[in-house]
There are 2 protein chains.
Amino acid sequence: MPRLCMISLEAHPQLVEGLVRELAMEALPLEQRCFPDGEHYVRVEGDCKDAVVILMADMRNPDRILLPLVFLADLLHELGAQKVVLVAPYLAYMRQDIRFKPGEAISSRSFAALLSAHVDGLVTVDPHLHRYHDLAEIYRVPSLVLSSTELMADWIRAHVELPVLVGPDAESVQWVQAVAAAADVPYTVLHKIRHGDRDVEVSMPELDRWRDHTPVLIDDIVSSGHTLLETLHHLRTLQLPQAVCVAVHGIFAGASYDSLKSFGVRSIVTSNSLQHTSNALDLTPVLVKGIRSWVQEYM
Amino acid sequence: MPRLCMISLEAHPQLVEGLVRELAMEALPLEQRCFPDGEHYVRVEGDCKDAVVILMADMRNPDRILLPLVFLADLLHELGAQKVVLVAPYLAYMRQDIRFKPGEAISSRSFAALLSAHVDGLVTVDPHLHRYHDLAEIYRVPSLVLSSTELMADWIRAHVELPVLVGPDAESVQWVQAVAAAADVPYTVLHKIRHGDRDVEVSMPELDRWRDHTPVLIDDIVSSGHTLLETLHHLRTLQLPQAVCVAVHGIFAGASYDSLKSFGVRSIVTSNSLQHTSNALDLTPVLVKGIRSWVQEYM
C-alpha cells in the first residue's frame with residue numbers, strides 16, 4: 001500500500017475524518033482563500049512526495065470548487081505526489097449527457113475531460129449514469145463507482161413499516177429497483193413530463209394498490225426539489241399516508257429543503273455525500289472499503 | 001481571410017459590436033443559463049462550420065465564466081469550427097507567477113494550461129506580465145498581446161495640463177514608462193511595501209519636484225483599489241493638486257469605485273476591456289487592427 005495523504009476541499013468533515021482514521025492517512029493542511037477580485041489562492045503544507053493524495057471535494061457548487069481543485073491537483077503533482085485521486089462523493093455535471101436540441105453543449109463530456117486532464121483517478125458514489133453506462137465513456141482516468149443502495153435499504157427496513165418505494169420519474173428506475181431488491185420491498189415508478197427547469201408534470205398509474213403503504217420516494221439527487229414536491233402533491237391527492245423521502249445526494253438548491261419540510265413529509269433522508277441537516281446515511285464504511293482495495297490495485 | 005464568427009460571453013457590447021462590424025463577422029446567438037443547482041447550460045445557434053470563431057469573454061469573474069467558456073470552446077470544435085480564438089481583453093489569473101511561500105499553487109500556470117487545452121489562440125490587452133516576459137511561457141497556444149498605451153497617452157494629452165505620471169508601485173514601472181514616453185510627459189514611480197492583501201504601505205521620494213503638476217496615477221489593474229487609495233492619500237498629504245487615475249482594466253471589486261470617487265479624485269478613467277462607468281478609452285480600433293492581421297497569419 002502506498003503512503004496515503006488527504007486534502008479536503010470543503011468536503012464533509014465526518015467523511016474526511018473517517019477516511020483519515022480508517023486508512024491511516026496523513027491529513028495535509030490546506031490554506032485556501034480568495035483575493036478581493038475573486039481569484040483563488042491555495043497552499044498545501046506538509047510533505048506529499050511519492051504519496052497517493054486523496055483530494056476530497058464537495059462538488060455542490062462547481063463554479064466555486066473547480067479552479068481550486070485544478071490548482072491543487074497541479075500543485076500536488078509539482079510537489080512530487082505519485083498520484084492525485086479525486087474523491088467526489090457527489091459528482092457534478094452528469095445530467096447533460098446528450099444534445100436535446102442542436103447546438104447544445106454536452107457539459108458532462110467537457111467537464112469529465114477537464115477533470116481527467118488534472119487528476120489521476122476518480123472515486124464517486126452513485127453518479128447520475130442515465131444514458132452513459134460507465135464513467136469510462138467520458139472520464140479518461142480510472143474510476144471507482146460506489147453505491148449507497150445497501151445503506152438506503154438498511155435505513156428503510158429499520159425506519160419504515162410496510163413501505164412502497166416510489167421513483168419520481170423514469171430516470172430513477174435504476175435506483176428504486178436496486179433499493180427495493182436490497183430491502184425486499186415493493187416499488188413503483190412515476191411518469192414525468194418536463195415542460196421546463198421548474199415546470200414538471202407527474203402522473204402515477206396504479207397507486208391505489210398501495211393505499212395502506214407508506215410511500216418512500218427514492219431519487220439520486222435532490223436539486224431544486226420540484227420533482228419531489230410534484231410527486232408529494234400527487235400522493236396527497238391520492239390520500240396516501242405521509243411520505244418519506246430518501247435520496248443519495250442532497251443539494252437542496254435555494255429554499256427547496258424548507259419547501260419540502262413545510263409540505264408535510266414524514267422525513268427527508270440523504271447520505272452524507274453533501275453535508276446537510278438531512279444526512280442520515282453515513283458513507284464512511286462504503287468509501288473506506290472501496291478506496292482501500294481500489295488504490296492498491298489501480299494507483 | 002477565413003470566415004469569422006463571433007460569440008460573446010458577457011463581453012462588452014461596444015467591443016463585440018465594433019469587431020463584428022469592422023471585421024465583417026457573423027454574430028452567433030448564444031443561449032446561456034444556469035440550472036437551479038448552479039450548473040451551466042450553453043447552446044449556440046447558427047453555423048460555425050469551418051469558421052474561425054472569436055469567443056470574446058469578460059474574465060472579471062473567473063469562477064462564473066470558466067466552465068461556460070470551456071463548454072463553448074469544446075462545443076464549437078464539435079460543431080466543426082476550424083479554430084476557436086479566445087479574446088479576453090482582460091486576462092485573469094496573471095498575478096500568482098511564483099511561489100512566494102513553499103506549497104503555494106502557481107495559479108497563473110494552471111489557468112493557462114487549462115485554457116490552452118480548450119482554445120486554439122488567445123488575444124488580450126496589456127496582461128499583467130511581471131515575472132513572465134511573454135505569454136508563451138505559460139500559454140501553449142499562439143497569443144497576441146495588444147497595448148492600450150497609445151490610447152492612454154492620447155487621453156492624457158487631451159485632458160490633463162502639465163501632468164506628471166505616477167506609478168503606484170514597482171510592478172507598474174513598465175506601464176508608466178511606456179505611457180510617459182508615448183505622451184512625452186514626465187513620470188515617477190512609488191515604492192510599495194505589502195503587508196497583506198488589503199494592507200499596503202506606500203512611500204514616495206522626490207515628489208516635491210512636481211508640486212505644480214497634476215499627478216496622473218497609472219496602473220494596469222484596479223482590483224480592490226487599495227493601492228490607489230493609499231497613493232491618493234499620500235499625494236494629499238503632500239498638498240499636490242487633485243489626481244487623475246488612469247488604468248487599463250477596471251475590476252473595481254466591492255465598493256472600491258465609490259471609495260475612490262469619494263476620496264476626491266479629479267477623474268478615474270479606464271479602457272473598456274471590462275464594462276464600467278469609468279470607461280473612457282475604446283479598445284475597438286486596437287482589437288480590430290490586431291485581430292485582422294493576426295488571424296490571417298496564425299489561424
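Modeller: Keep in mind that this is a predicted model. Start with one residue pair: Cys245(B) has Ile268(B), in strand 15 of chain B, as its bridge partner.

Colleague: What makes strand 14 and strand 15 of chain B a pair?

Modeller: Pairing needs at least two bridges. Strand 14 (residues 244-250) and strand 15 (residues 267-271) of chain B have four, in the parallel sense. Therefore they count as paired.

Colleague: Where do these strands sit in the sheet of chain B?

Modeller: The order is 10-9-13-14-15-16, an open sheet of six strands with parallel pairing. Strand 10 (187-189) and strand 16 (279-281) of chain B each have a single partner strand, so they are the edges. On average, neighbouring strands are turned by 35° against each other, direction ignored.

Colleague: Why is strand 6 of chain A called largely enclosed?

Modeller: Buried means under 20% relative accessible area. Five of the six residues of strand 6 (residues 83-88) of chain A are buried, so the rest of the structure largely encloses this strand.

Colleague: Which elements make a β-α-β unit with strand 6 of chain A?

Modeller: Strand 5 and helix 2 (residues 62-78) of chain A do, and the unit is right-handed. Strand 5 (residues 52-57) and strand 6 of chain A pair in the parallel sense over five bridges.

Colleague: How do you know what kind of axis relates chain B to chain A?

Modeller: A rotation of 180° with 0.0 Å of shift along its axis superposes chain B on chain A, with an RMSD of 0.1 Å. That is the relation of a two-fold axis.

Methods
Residues numbered from 1 in each chain as written. Chains lettered and ligands numbered in written order. Predicted model: local features only at pLDDT ≥ 70, side-chain atom pairs only at ≥ 80, totals over all residues. Heavy atoms only, no water. Least-squares fit on C-alpha atoms with pLDDT ≥ 70 in both. Helix = DSSP H or I, 4+ residues; strand = E, 2+ residues; numbered from the N terminus. Axes fitted to C-alpha atoms, helices over the stretch in contact; angles between N-to-C directions. Buried < 20%, exposed > 50% of the residue type's maximum accessible area, 1.4 Å probe, protein only. Right-handed = clockwise from strand over helix to strand, strands pointing away.
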